[in-house]
Amino acid sequence: MMDVARSTETFAGPARKIGVFDSGVGGLTVLQAMLPRLPAAEFIYVGDTARLPYGSKSRATIARYAVSSVRFLVEQGAEFLVIACNTASALAIDEIRDAAGAVPVLGVIETGAAEAKASSTTGDVLVIATAATVESHAYAKALRGLGLRAVERACPLLVPLVEEGWIDHPVTNEVLRIYLLELLAESVEAGLDPDTLVLGCTHYPLLRGPIERALAELSPVGQSSIRVIDSAEATAERVAAALPFSSPPNIPGQITAHTTPSAPLLFFATDSVAKFRSLGTRFLGQPIEHVALVDLGG
Ligand code: DGL
């Protein structure tokens with residue numbers, strides 16, 4: 001553990017460049033969690049909005065897209081990479097690490113699984129994610145490695161609904177109800193008693209409220225109540241622990257959701273910067289001023 005004198009001294013040290021990547025704006029939920037923990041860091045965010053959704057594509061295509069974004073971040077001087085996309089983390093982490101060379105890479109799957117382990121007392125966990133993430137069974141494997149049982153469900157309609165801004169909307173609520181009903185039925189059939197649901201896509205934290213309400217309505221009587229978790233906060237903690245020189249002294253109550261960072265935030269999108277700005281502001285929870293357009297190829 002750092003003592004206060006050392007942490008104060010290192011707080012004034014040079015900014016560290018952290019590259020954050022997602023297929024779109026979903027990774028901004030992870031960036032939002034990192035900002036208050038890493039106020040001296042410089043963030044470069046790439047949202048590959050032109051090629052979103054990744055979740056319906058093949059492993060080879062996801063890897064090719066993710067690698068081009070990661071190469072771009074490394075060229076921009078990123079010293080640490082956060083893959084704030086479950087789909088890319090699940091299907092392309094090896095290719096991403098190869099492309100990143102000596103730059104450390106943190107994905108969100110292991111972190112999400114570790115959060116589930118910390119949350120679950122029954123040892124049974126539900127996962128909702130994109131089709132590609134579910135087909136890879138990356139979560140089920142990571143959870144099994146921690147001694148947990150899991151049932152996974154692909155929810156391909158949720159990303160377009162969130163992108164449309166239909167957060168607390170009757171259509172979204174009905175779609176959620178259907179997905180969760182099927183997931184709960186499958187988990188009963190498998191003899192599980194789940195007490196935790198992992199949001200295995202960085203778009204889904206925006207639907208946390210509607211998901212919690214639907215779960216409360218649908219959970220079978222007599223079963224454990226289900227806690228909803230995502231990997232954003234835990235990922236942010238891990239990055240802050242890996243880059244202690246960017247962390248402020250640990251003063252209780254100092255972390256707030258909307259701390260303004262001292263270093264700049266650089267945003268790049270591969271499609272409409274206006275759309276990234278308006279949609280991204282909702283995901284980040286604070287205004288996004290400048291977004292640059294970048295062409296990462298087809
Ligand atoms: N944000 C991506 C994830 O966490 C999903 C969006 C997409 O399908 O590209 O999986």
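A residue is called buried when its relative accessible area is under 20%, exposed when that area is over 50%, and partly exposed in between (1.4 Å probe, protein chains only). This is a predicted model, in which local features need pLDDT of at least 70 and side-chain atom pairs count only at pLDDT 80 or more, while totals for chains, interfaces and linings use all residues. Residues are numbered from 1 along each chain as its sequence is written, and side-chain values use heavy atoms, with hydrogens and water left out.

The protein chain has 298 residues, and 56% of them are buried. Its secondary structure consists of 12 helices and 10 strands; helices (H or I, at least four residues) and strands (E, at least two) are DSSP runs, numbered from the N terminus. A contact means heavy atoms within 4.5 Å. Of the contacts between residues at least 6 apart in sequence, 78% join residues at least 24 apart. The chain exposes about 12800 Å², of which carbon and sulfur atoms supply 55%; accessible areas come from the Shrake-Rupley method with a 1.4 Å probe, and for residues only the protein chains shown count as cover.

Ser 231 sits in the loop between β8 (227–229) and α11 (232–242). Is Ser 231 buried or exposed? Its relative accessibility is 5%, so Ser 231 counts as buried. Not counting residues up to four places away in sequence, Ser 231 touches Val 108, Thr 111 and Gly 112.

Helix α10 covers residues 208–218, and its buried residues are Pro 210, Ile 211, Ala 214, Leu 215 and Leu 218. These lie on the same side of α10, because they cover an arc of only 135° around the axis (the arc is that of the directions from the helix axis to the C-beta atoms). An α-helix has 3.6 residues a turn, so residues three or four places apart point the same way. The face turned away from the buried side of α10 carries the exposed residues Ala 216 and Glu 217. The buried residues of α10 pack against β5 (124–129), α9 (170–189), β7 (196–200) and β8.

Within α10, Leu 218 has a relative accessible area of 16% and is buried. Leaving aside neighbours within four places in sequence, Leu 218 is in contact with Arg 177, Leu 180, Leu 181 and Leu 184. Leu 218 and Ile 178 are 40 residues apart in sequence, and their C-alpha atoms are 10.0 Å apart in space.

In helix α12 (residues 273–284), the buried residues are Phe 276, Leu 279, Gly 280, Phe 283 and Leu 284. Seen down the axis, they fall within an arc of 135°, so they line one face of α12. They pack against α2 (28–34), β2 (42–47), α8 (158–163), β9 (265–269) and β10 (291–293). At the start of α12, a side-chain oxygen of Ser 272 comes to within 3.4 Å of the backbone nitrogen of Ala 274. Just after α12, Gly 285 has a positive phi of about 80°.

Which residues come nearest to the ligand? Of the 14 residues around the ligand, these are Ser 23, Tyr 54, Asn 86, Thr 87 and Thr 202; a residue is near if one of its heavy atoms lies within 4 Å. A nitrogen atom of the ligand is 3.0 Å from an N or O atom in the side chain of Asp 22. A backbone N or O atom of Asn 86 lies 2.9 Å from a ligand oxygen, and a polar side-chain atom of Thr 202 lies 2.8 Å from a ligand nitrogen. Taken alone the ligand exposes 300 Å², and the protein buries 99% of that.

Notes: Polar contact = N/O pair within 3.5 Å; in protein donor to acceptor, adjacent residues only side chain to side chain.
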